[in-house]
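User: Hi! I'd like to talk through the charged contacts in this one. Could you start with what you mean by a salt bridge?

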Amino acid sequence: MRNPLSDKIVTIQPSGIRKFFDIVSEMKDAISLGVGEPDFDTPWRIREEGIYSLEKGRTYYTSNSGLKELRAEISNYLNRHYGLSYEPDGEIFVTVGGSEAIDLAFRAMLNPGDEVIIPQPSYVSYLPCVVLADGVPVIVDLQEENEFKLTARELLDAITPKTKILVLPFPNNPTGAVMTGQELEEIARICIEKDIFVVSDEIYSELTYCGKHCSIASIDGMKERTVVINGFSKSHAMTGWRLGYACAPKLILSQMVKIHQFAIMCAPTNSQYAAVEGLRGCDDEVAKMRSEYDGRRRFMLGRLREMGLKCFEPFGAFYIFPNIAQFGLTSDEFAMRFLEEQRVAVVPGTAFGASGEGFLRMSYASSLENLKTAMERLEIFINTLR
């Protein structure tokens with residue numbers, strides 16, 4: 001029998017995050033700081049609206065682009081929070097999570113051989129989605145001494161005549177790094193000069209702890225060359241509702257919607273109705289969750305430094321990225337031994353690219369009680385290694 005599999009798909013490695021999640025799910029008394037999922041319930045008024053939509057029989061397809069009412073609320077929300085101006089008709093469309101939007105952007109924009117600059121460490125989906133779209137990933141290894149931000153020099157060094165897209169993964173998963181408006185302006189100047197498009201993944205935009213999030217699309221000359229990816233999973237604790245969105249120039253977005261039309265049809269209807277309520281009336285709940293994450297962030301950073309672990313201060317998302325190179329173990333070895341000996345799951349930095357070697361991703365989307373216990377166990381573990 002002939003090989004039924006695509007040569008391209010078999011070269012793609014499965015996510016390094018799921019390996020530790022699958023192990024910890026079968027361990028008693030284990031604490032997981034591995035999966036990037038809010039530990040809060042979806043705000044009640046969002047759940048209530050989802051229930052109400054089902055009771056009213058709103059179970060039909062929406063338009064391919066999503067409920068017009070939701071697109072209008074997304075437009076209002078982006079303008080209110082980030083000063084972005086997008087038309088509900090033609091410049092915004094609703095996807096099945098932010099991950100679908102990332103995939104669609106690459107498939108709509110790339111021709112075979114086009115290069116995509118991907119700063120790493122970063123979210124695990126960018127590279128495989130580029131490969132599946134017949135693009136060529138070009139990796140930029142971000143540096144701890146730069147707080148894992150992309151510098152203008154690093155970007156310039158990575159650009160070739162084949163460069164078409166830059167991925168901007170900030171606030172960053174796994175490092176928690178953010179980029180300021182001034183830093184983004186330097187990147188924007190290069191993108192305009194070199195005629196490069198940007199896929200800006202801003203799914204953690206509401207989880208920024210040092211002032212307001214700045215989108216590169218808000219910088220003069222960048223809206224027309226940027227696809228903004230966002231959604232409700234992290235900000236509104238709606239991971240299982242599977243709802244994201246993309247904002248882009250009509251030329252790009254119309255092609256993304258075409259692919260979505262044939263592959264998906266539309267995002268879940270009741271999730272869309274629920275999200276309308278989330279955007280209209282849940283700013284206070286989002287702020288409360290952000291405040292709680294911030295407290296946990298400061299606790300984790302303090303404890304890690306008390307233990308003598310080098311760790312830069314993350315100002316976004318809900319991850320912390322300590323350096324464990326001093327112990328002479330690979331990130332994978334450290335994470336596996338920590339799980340086996342102390343029953344705490346973290347993710348090796350290498351799950352997010354080779355430049356993550358020597359680091360761990362720890363999520364503080366867990367109760368403070370769990371975090372305190374996990375830090376006590378970490379202290380015990382590293383003392384055995386010293």
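Analyst: Happy to! A salt bridge here is a side-chain nitrogen of Lys or Arg within 4 Å of a carboxyl oxygen of Asp or Glu. Please keep in mind that this is a predicted model.

User: Where do E277 and R45 sit in the chain?

Analyst: E277 belongs to helix α10 (residues 269–281) and R45 to helix α3 (residues 44–55), so the pair links distant parts of the chain, 232 residues apart. E277 is buried at 17% relative accessible area, while R45 is partly exposed at 35%.

User: How many salt bridges turn up in the whole structure?

Analyst: A search finds 25. Among them, K310 and E144 meet at 3.6 Å, N to O. K310 lies in the loop between α11 and β9, and E144 in the loop between β4 and α7.

User: And is K310 buried or exposed?

Analyst: K310 is exposed, with a relative accessible area of 52%.

User: What about R153 and D157?

Analyst: Their side chains form a salt bridge too, at 3.2 Å from N to O. Both residues lie in helix α7, four residues apart, about one turn of the helix, and both are exposed.

User: Switching topic: which residues does H260 touch?

Analyst: Leaving out residues up to four places away in sequence, H260 touches N64, F93, V94, T95, E100, L104, M265, C266 and A267. H260 is found in helix α9 and counts as buried because its relative accessible area is 0%, under the 20% cut-off.

How values were computed. Residues numbered from 1 in each chain as written. Predicted model: local features only at pLDDT ≥ 70, side-chain atom pairs only at ≥ 80, totals over all residues. Heavy atoms only, no water. Helix = DSSP H or I, 4+ residues; strand = E, 2+ residues; numbered from the N terminus. Buried < 20%, exposed > 50% of the residue type's maximum accessible area, 1.4 Å probe, protein only. Contact = heavy atoms within 4.5 Å.
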